[in-house]
Amino acid sequence: TAADGSYAFKNVAAGPVRMVARHDSWQPVSAATILIGDRGDAEFRFERPTMPPLRGSVVSAETGDPVVGAEIQILPIKHNLGLVEPITAETARDGSFLLEGLPRAQMRMWVRHPDYGVVSRTQPIGAAAAEIAIELPRRTSVTGELVSRMESAFRGGEVLQLRDSAGELAFAEVGEDGEFVFDRDVSPGLVDISSIGGALSFRTFSGRSASARLRDRPEN
C-alpha cells in the first residue's frame, strides 16, 4: 500500500479470488467473495490491533543446540496450507524467532528444517506474550516387511506410499520377499502407509492403508 493506503494489482485473471491484508500493527482482514472483472476496487478496514508478537526458540531435541534457519509457519486452524498464505519467520543464529501481526485465534504451527523432522502443534494466540520453546527431532529412515497368510502374495514391484506426521511423502518398492525400504528419511510420529494403485489390501477397517508409529531414533 502507498502512503494514502491505496493499492493496485495489474494483469489479474478474471474469476473469484480471496484477498488478505496484513500489517504488523493490526490483525489481518480478508475478503473471500471478490470477483475479478465484476468490480473495480475493494476496500479493507483494519479494526483490531494485533496481538503481542509470538517469540520463541528452536533447538535440537537430541543435543539442545540452537537450530539455525528453521522455517516457522503459522495459520488459523480453519485454513489450509497451500490455499492460504501463512505468516512465516526464520530462526536466527541463536535459534530464536519472532512472529508479528497475529490475530487472537487458535493457530496451527509447523516448524521445518531439512536436517530435522517436522513439528506440528496447536498454538493459541492471546494477550499473553509468553516465549515458547520447540524441540526438533531427527529424521528417521524406514524399512519393513509385508507379511501375508497367502502363499506367493507378493509379485515384487508393488509401490508403497508413506505419509508422515507433517504430510510429507516417501515411496518404497516391495521385493518378492515382501521387504521394502523407503526412499527418504521422514518425520517420526504417526504415519500412514498405503499401496499405490490398490495392488495390496491391508488388514484394517478400510483395507486401503495401515498406520504405524515411528519412534524418535535414526532407524525404524
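The following dialogue explains how to read several features of this predicted model.

Reader: How many salt bridges does a search of the whole structure find?

Author: A salt bridge pairs a side-chain nitrogen of Lys or Arg with a carboxyl oxygen of Asp or Glu within 4 Å. A search of the whole structure finds five of them. One of these joins Glu-43 to Arg-45, with the closest N and O atoms 3.0 Å apart. Both Glu-43 and Arg-45 are exposed.

Reader: Which residue meets the side chain of Glu-62 in a salt bridge?

Author: The partner of Glu-62 is Arg-138, at 2.9 Å from N to O. Glu-62 belongs to the loop between strand E3 (54-60) and strand E4 (71-76), while Arg-138 belongs to the loop between strand E9 (132-136) and E10, so the pair ties together parts that are 76 residues apart in sequence. Glu-62 counts as exposed because its relative accessibility is 56%, whereas Arg-138, at 28%, is partly exposed.

Reader: With which residue does Arg-112 form a salt bridge?

Author: Arg-112 is paired with Glu-168, and the closest N and O atoms are 3.7 Å apart. This pair also links distant parts of the chain: Arg-112 is in strand E7 (residues 105-112) and Glu-168 is in the loop between E11 and E12, 56 residues apart. Salt bridges with shared partners join Arg-112, Arg-139, Glu-168 and Arg-184 into one network.

Reader: Is Glu-168 buried or exposed?

Author: The label follows from relative accessible area, and buried means under 20%. Glu-168 has 17% relative accessibility and therefore counts as buried.

Reader: Where is Glu-158 found, and why does it count as buried?

Author: Glu-158 is in the loop between strand E10 (143-145) and strand E11 (159-163). Glu-158 counts as buried because its relative accessibility is 6%. A polar atom of the Glu-158 side chain lies 3.2 Å from the backbone nitrogen of Gly-156.

Reader: What surrounds the side chain of Thr-140 in terms of polar atoms?

Author: A polar contact is a pair of N or O atoms within 3.5 Å. The side chain of Thr-140 has a polar atom 2.9 Å from the backbone oxygen of Arg-217. A further polar contact, of 2.8 Å, joins the side chains of Thr-140 and Asn-220. Thr-140 is in the loop between E9 and E10, and it is buried, with a relative accessible area of 0%.

Reader: Which residues form the negative surface patch?

Author: For a patch, one looks for residues with over 30% relative accessible area and no salt bridge. The negative patch here is formed by Glu-145, Glu-176, Asp-177 and Glu-179. Among them, Asp-177 sits in the loop between strand E12 (169-173) and strand E13 (179-181). Asp-177 is partly exposed because its relative accessible area is 47%.

Reader: Which residues make the nonpolar surface patch?

Author: Tyr-7, Phe-9 and Val-12 make a nonpolar surface patch of about 310 Å². One of these residues, Val-12, lies in the segment before strand E1 (15-23). With a relative accessible area of 41%, Val-12 is partly exposed.

Reader: How can Ala-8 be located relative to Asp-41 and Trp-26?

Author: Ala-8 and Asp-41 are 33 residues apart along the chain, and their C-alpha atoms are separated by 8.6 Å. Ala-8 and Trp-26 are 18 residues apart along the chain, with their C-alpha atoms separated by 20 Å. Ala-8 lies in the segment before E1, whereas Trp-26 is in strand E2 (residues 26-36).

Reader: Are Ala-8 and Trp-26 buried, partly exposed or exposed?

Author: Exposed means over 50% relative accessible area, buried means under 20%, and partly exposed lies in between. Ala-8 is therefore exposed, with a relative accessible area of 67%. Trp-26, at 33% relative accessibility, counts as partly exposed.

Definitions and conventions. Residues numbered from 1 in each chain as written. Predicted model: local features only at pLDDT ≥ 70, side-chain atom pairs only at ≥ 80, totals over all residues. Heavy atoms only, no water. Patch = residues over 30% accessible without salt bridge, like charges linked within 9 Å, V, L, I, M, F, W, Y side chains within 5 Å. Areas by Shrake-Rupley, 256 points an atom, 1.4 Å probe, with all protein chains shown as cover. Lys, Arg positive; Asp, Glu negative; His and termini not counted. Charge placed at Lys NZ, Arg CZ, Asp CG, Glu CD. Helix = DSSP H or I, 4+ residues; strand = E, 2+ residues; numbered from the N terminus. Buried < 20%, exposed > 50% of the residue type's maximum accessible area, 1.4 Å probe, protein only. Polar contact = N/O pair within 3.5 Å; in protein donor to acceptor, adjacent residues only side chain to side chain.
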